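Let's take a friendly walk through a protein model. Please look over the sequence and the structure first.

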Amino acid sequence: MSNTALELRQVERTYQQGDVPLHVFRGASLTIRPGELVALVGPSGAGKSSLLHIAGLLEKPDAGEVLIAGAPCMGLSDAEKTRVRRTEIGFVYQAHHLLPEFSATENVVLPQMVAGVRRKAATAVAERLLGRLGLEYRLEHRPAQLSGGEQQRVAIARALANRPSLLLADEPTGNLDPKTSRAVFNEFVSLTRGEGVAALVATHNLDLAREMDRVILLHEGLLVDGADLASTPD
Ligand SMILES: Nc1ncnc2c1ncn2[C@@H]1O[C@H](COP(=O)(O)OP(=O)(O)OP(=O)(O)O)[C@@H](O)[C@H]1O
């Protein structure tokens, strides 16, 4: 096993906004160890979502390298990147993006079957993960029959279903009311730790960020480790 789950080396990315170049990353680097939970904070527009897209091999930086589980990925073909995404990375977004016509269990089974797992084994994994998130009585419910917190729990179970080494989460509880957000966040942390998965979690919520192993601040195109949260804008 590699001794890093995610490494970004000197990542640079410039977006063109009209005539004005926007240097979102100017040599951003970070290392996340296996099983480590890291919060990514920074003001709105700093580039948190963009960083997760680059780390998740969904977007290519202009320069720099991304290593997943120790393996450099920038030279990979699109098909090879897709394979790395399927086997090594789980994604959780602010909106759950569940398939509306499928049950909670099926939403967690399907990505496993796409990865080649048989239905019976995939169902066992889905029921175990959903059970760990308190959804054992909601297995056959479709997303519209679930509350917002329950939908997001299903999305978390889905992200973990293929036993990724890295979870990338963009405001995973951002759409929930404060009480539900706290409950789902606690379960997210407990399950992620229990599964031994590393996570990079973009959040505006500094209280939640402080509970992770480490906080990284995105500031003017660079990543600042162990940021002093007292001076961080919310
Ligand atoms: N494809 C693109 N083309 C042009 N500009 C982009 C593109 N993607 C992102 N940006 C710009 O890059 C900046 C960073 O955007 P990003 O969504 O990553 O920020 P963020 O920190 O996640 O913000 P928020 O906290 O509000 O979600 C923004 O100014 C955004 O407008």
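At what angle do the axes of helix α4 and helix α5 cross? Read on for the answer.

## About the model

This is a predicted model, where local features need pLDDT of at least 70, side-chain atom pairs count only at pLDDT 80 or more, and totals for chains, interfaces and linings use all residues. Residue numbers start from 1 along each chain as its sequence is written.

## Two helices crossing

The axes of α4 (residues 119-132) and α5 (residues 148-160) cross at roughly 135 degrees and come within 9 Å. Axes are lines fitted to C-alpha atoms, for helices over the stretch in contact, with angles from 0 to 180 degrees between N-to-C directions. Helices are DSSP runs of H or I with at least four residues, strands are runs of E with at least two, and both are numbered from the N terminus. The two helices are therefore oblique to each other (under 35 degrees is roughly parallel, over 145 roughly antiparallel, 65 to 115 roughly perpendicular, and the rest oblique).

Ala126, Leu129 and Leu130 in α4 meet Val154, Ala157 and Leu160 in α5, where contact puts C-beta atoms, placed from the backbone, within 7 Å.

## The sheet

Six strands make an open sheet with mixed pairing, in the order β6-β7-β8-β3-β9-β10; strands pair if DSSP finds at least two bridges between them. β6 (89-92) and β10 (222-225) stand at the edges with a single partner strand each, so one side of each has no neighbour in the sheet. From one strand to the next, the twist averages 20 degrees.

Technical notes. Contact = placed C-beta atoms within 7 Å.
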